[in-house]
Protein chains: 2
Amino acid sequence: MVAEQLDAPDPETLVGEAKAAFRDGAMLTVQARCEVEYEGRTSGHLGPGDRILVAKPDGTFLVHQPTGHKPVNWMPGGGTVSARTSDGDVVLLARRTNPTERVEARILEAYGVTRFDATDGATYEESGTEAEMHEYIEANPGVLEEGLRIVEHERESKYGFIDFFARDEAGTPVVVEVKRIQATLNHFDQLQRYVSLYEETNDEVRGILVAPSASERVKRALRDNDLEFVGLSEFETDAKGATEAKLTDF
Amino acid sequence: MVAEQLDAPDPETLVGEAKAAFRDGAMLTVQARCEVEYEGRTSGHLGPGDRILVAKPDGTFLVHQPTGHKPVNWMPGGGTVSARTSDGDVVLLARRTNPTERVEARILEAYGVTRFDATDGATYEESGTEAEMHEYIEANPGVLEEGLRIVEHERESKYGFIDFFARDEAGTPVVVEVKRIQATLNHFDQLQRYVSLYEETNDEVRGILVAPSASERVKRALRDNDLEFVGLSEFETDAKGATEAKLTDF
DNA sequence: GGTTGCATGTCGCAC
DNA sequence: GTGCGACGTGCAACC
């Protein structure tokens, strides 16, 4: 049996089920009224309410309220989750070190529990990432500027990585920072840092921020610092496929 | 009944249960073997495998693999989740606009489903945030430097917000950037941006980055740019309470 | 609704 | 392990 469900388990049953799931590497889901404590990088408390608790075999622990994308409390993988009874309640405790932190959920009433012996060998395949945008620019530097030549990709400098180091038609060095999304002030900062560094040891250098768009404030910051913005909203690693996908997407 | 569980529901039953849950504002959890497609800011595909699916009444939709803190696919709240059958399979579709995107989970086999009529009025109370660190500094500017006076908190400037604008004992203006965690190059960037701006119109200005710690690279970047680092690892809004919490912790 | 910056960010990759 | 930057970042505050 892949999944086993128990309705309104009593504390002893729930602890037994949880311990067995943790031992066997199964995923555990609990619907319950509970209180939650977090102690670690910050500390916090969540009073009684109905939530879904999820424990994964890698030590991940999630507390989900009825609304919101993010779990209200959580523990990333790498640690351990344990179950015990305390004052008649079931307590699920997730902890890890580095940093040292803990999430403790006191279950006041369990409405349901599911043990799920999940096997999942698939990995998520994604396209449209910044890495692909880099590939596109490397293959088509002319979309940024006529005559631009890419000299180096992911060049390491004293203060960090430059996305592209290039030269324009006149041979002037160009530092290029690429963003997949609308450019922010932090992205301007990054470019400025790289350019400033280069200017310490070299006479002339241009800096270009490449992104689909940028706010006026970012554009002004660039302008005021003699940096440039290039809007690059469309890029295709496989133009035909991407277009077709759009046409059929309703 | 707060939670209702069905074991290995057939497609029609699952769709009915899902539709009822969405209609009634209940949370839905499904343990299933499924495939997932995402189309939106990027696009991606996840082949068949066992996952936990969670749909919330606010339109949140989560796909959790057996490992990892983050859902492999998701939809933040604000959109809608719907259920239908397609080629004999149940398909859960979550979509929203701004940005326009969709997650579609094709359920190849459902092992269990839980409908959860959750009520949760509690809100999470947290302490130890950067906001509290700001309060502490504002009340105790001397911990940064003897004689420092805070002039303004959250001062807006042309390029962004300065955490603190202050003056030292000699009256020299000081721009202060505060980080709750170990300082990174991006945090150095931020401070540098504010200081550079101020230098355009003023003669002398100091810049201080306040954080519990900083990497050597960050410290060097600060030094090279005549900026300063102040380590501030401990801060207490209520020293007694925090100390006691530590002593009794675990 | 757009912009800005925090976050218990998490995650992956390089050193 | 630490450092650094991307992320379908999400999220709230402020305008």
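Which helix of chain A and which strands of chain B each supply at least two residues of the surface near DNA strand D? I started with that question. The model is a predicted one, and I kept that in mind throughout.

**Entry 1: DNA strand D**

I looked up the elements and found α3 (185-201) of chain A, together with β5 (73-75) and β8 (101-116) of chain B. I then listed the residues around DNA strand D, and there are 27 of them. K179(A), R180(A), W74(B), S215(B) and R217(B) come nearest. I also checked which part of the DNA faces the protein. Sugar and phosphate make up 80% of the atoms of DNA strand D that come within 4 Å of the protein. I sorted the residues of this surface by type and got 9 nonpolar, 8 polar and 10 charged.

E126(A) has a polar side-chain atom 3.4 Å from a sugar or linking oxygen. E130(A) uses its backbone instead: an N or O atom there lies 3.3 Å from a phosphate oxygen. For a base, I noted E101(B), with a polar side-chain atom 3.2 Å from a base nitrogen.

**Entry 2: DNA strand C**

I repeated the search for DNA strand C. Around it I found 27 residues, of which R41(A), N73(A), R217(A), K179(B) and R180(B) come nearest.

Which elements each supply at least two residues here? I found β5 (73-75) of chain A, with β11 (160-167) and α3 (185-201) of chain B. The element that gives the most is α3(B), with 3 residues.

Two side chains of chain A reach base oxygens of DNA strand C. R41(A) has a polar side-chain atom 2.7 Å from one, and Y38(A) has a side-chain N or O atom 3.3 Å from one.

How is chain B related to chain A? I found that a rotation of 180°, with 0.1 Å of shift along its axis, superposes chain B on chain A with an RMSD of 0.2 Å. That is the relation of a two-fold axis. In chain B, D189(B) comes closest to the rotation axis, with its C-alpha at 2.8 Å. I also compared the interface residues: 99% of those in chain B are interface residues in chain A too, so the copies meet through the same surface.

**Entry 3: domains of chain A**

I looked up the division of chain A and found domain 1 (3-116) and domain 2 (130-243). Their centres, taken over C-alpha atoms, are 45 Å apart. An unreviewed UniProt entry lists residues 27-120 of chain A as "domain: Endonuclease NucS N-terminal PH-like". I checked that span in the model, and it is 68% strand and 0% helix. Its end C-alpha atoms lie 12 Å apart.

**Entry 4: one residue of chain B**

Last, I picked G231(B), which is found in strand β14 (residues 228-231). Beyond its neighbours within four places in sequence, G231(B) is in contact with A211(B) and P212(B). I also compared G231(B) with A55(B): they are 176 residues apart in sequence, and their C-alpha atoms are 44 Å apart in space.

Definitions and conventions. Residues are numbered from 1 along each chain as its sequence is written. Chains are lettered from A and ligands numbered from 1 in the order in which they are written. This is a predicted model: local features need pLDDT of at least 70, side-chain atom pairs count only at pLDDT 80 or more; totals for chains, interfaces and linings use all residues. Side-chain values use heavy atoms; hydrogens and water are left out. UniProt positions are given in the numbering used here, feature names are shortened, and annotations may be inferred rather than shown by experiment. Helices (H or I, at least four residues) and strands (E, at least two) are DSSP runs, numbered from the N terminus. Domain bounds come from an automatic or database domain assignment. Copies are superposed by least squares on the C-alpha atoms of residues with pLDDT of at least 70 in both. Contact means heavy atoms within 4.5 Å. A residue is near a molecule or strand if one of its heavy atoms lies within 4 Å of it. A polar contact is a pair of N or O atoms within 3.5 Å; within protein, one must be able to donate a hydrogen and the other to accept it, and residues adjacent in sequence count only if both atoms are side-chain atoms. Ala, Val, Leu, Ile, Met, Phe, Trp, Tyr, Cys and Pro count as nonpolar, Asp, Glu, Lys and Arg as charged, and the others, Gly among them, as polar.
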